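Could you walk me through this model in my viewer, one selection at a time? I would like to know what to pick next and what is there.

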Amino acid sequence: MIDHDGFRPNVGIILSNRDRRLFWGRRVGQNAWQFPQGGINADETPEQAMYRELEEEVGLTARHVTILGSTRGWLRYHLPKRYIRRHCGPTCIGQKQIWFLLRVNCSEEAFCLDSTDKPEFDAWRWVRYWQPLHEVVYFKRRVYLQALEELAPILYPEGPPERQEPYPRAVGLLRQRLP
């Protein structure tokens with residue numbers, strides 16, 4: 001399902017443990033790390049898609065988590081031109097995402113990365129709040145920044161931890177482009 005602007009509706013999932021560390025998954029067979037995410041089917045709400053993706057990618061169900069919050073609206077990112085498949089329609093130029101912040105209420109033994117025939121992740125770890133900005137693929141960095149900044153007050157009502165900027169110029173440029 002692609003919208004009229006060429007964006008695929010999607011959900012992003014930020015899982016937090018009791019120590020406010022975030023789940024960070026490694027894509028199968030790659031040295032690429034990201035949060036769980038996935039498309040929204042035509043018959044699903046974003047929340048329903050989030051629970052489906054959570055179970056498919058991480059093996060957790062609604063009983064394992066508490067929803068702490070979500071982004072107020074869609075956050076978008078464009079795919080680099082080399083990833084756009086123009087020979088099959090409709091053309092998808094990127095994704096628009098609703099991001100959910102969840103607290104994990106179970107032990108790590110409940111996590112299962114291979115519960116489907118096509119696992120998304122082959123490893124995972126807990127990371128500091130801002131660390132994903134250092135490691136996510138470049139074209140998703142802006143949407144990760146937007147999601148983390150919008151959701152930080154929920155997890156850190158006293159104020160988020162200070163961010164170590166690995167790419168101060170790049171993050172500054174991202175901020176300038178934010179609407």
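Helices and strands here are DSSP runs: a helix (H or I) has at least four residues and a strand (E) at least two, numbered from the N terminus. Please keep in mind that this is a predicted model.

Start with the whole protein, in cartoon view. Of the 179 residues, 46% are buried.

Next, select residues 38–59. UniProt, in an unreviewed entry, places the short sequence motif "Nudix box" here. The span is 59% helix and 9% strand, and its end C-alpha atoms lie 14 Å apart.

Now go inside. The largest nonpolar core has 26 residues, and Ile14, Leu22, Phe35, Trp99, Tyr129, Tyr144 and Leu148 are those with the most contacts inside it. To see what builds this core, colour strand E2 (22–27), strand E6 (75–78), strand E7 (94–104) and helix H3 (141–155), which each give two or more residues to it. H3 provides the largest share, 8 residues.

Zoom in on Tyr129. Which residues does Tyr129 touch, leaving aside neighbours within four places in sequence? Show Leu22, Leu148, Leu151, Ala152, Leu155, Tyr156 and Pro161: Tyr129 is in contact with each of them.

For a last stop, select Ile40, Leu54, Val58 and Val65. These residues are among the 20 in a second, separate core.

Methods. Residues are numbered from 1 along each chain as its sequence is written. This is a predicted model: local features need pLDDT of at least 70, side-chain atom pairs count only at pLDDT 80 or more; totals for chains, interfaces and linings use all residues. Side-chain values use heavy atoms; hydrogens and water are left out. A nonpolar core is a set of buried Ala, Val, Leu, Ile, Met, Phe, Trp, Tyr and Cys residues joined through side-chain atoms within 4.5 Å. Buried means under 20% relative accessible area, exposed over 50%, partly exposed in between (1.4 Å probe, protein chains only). Contact means heavy atoms within 4.5 Å. UniProt positions are given in the numbering used here, feature names are shortened, and annotations may be inferred rather than shown by experiment.
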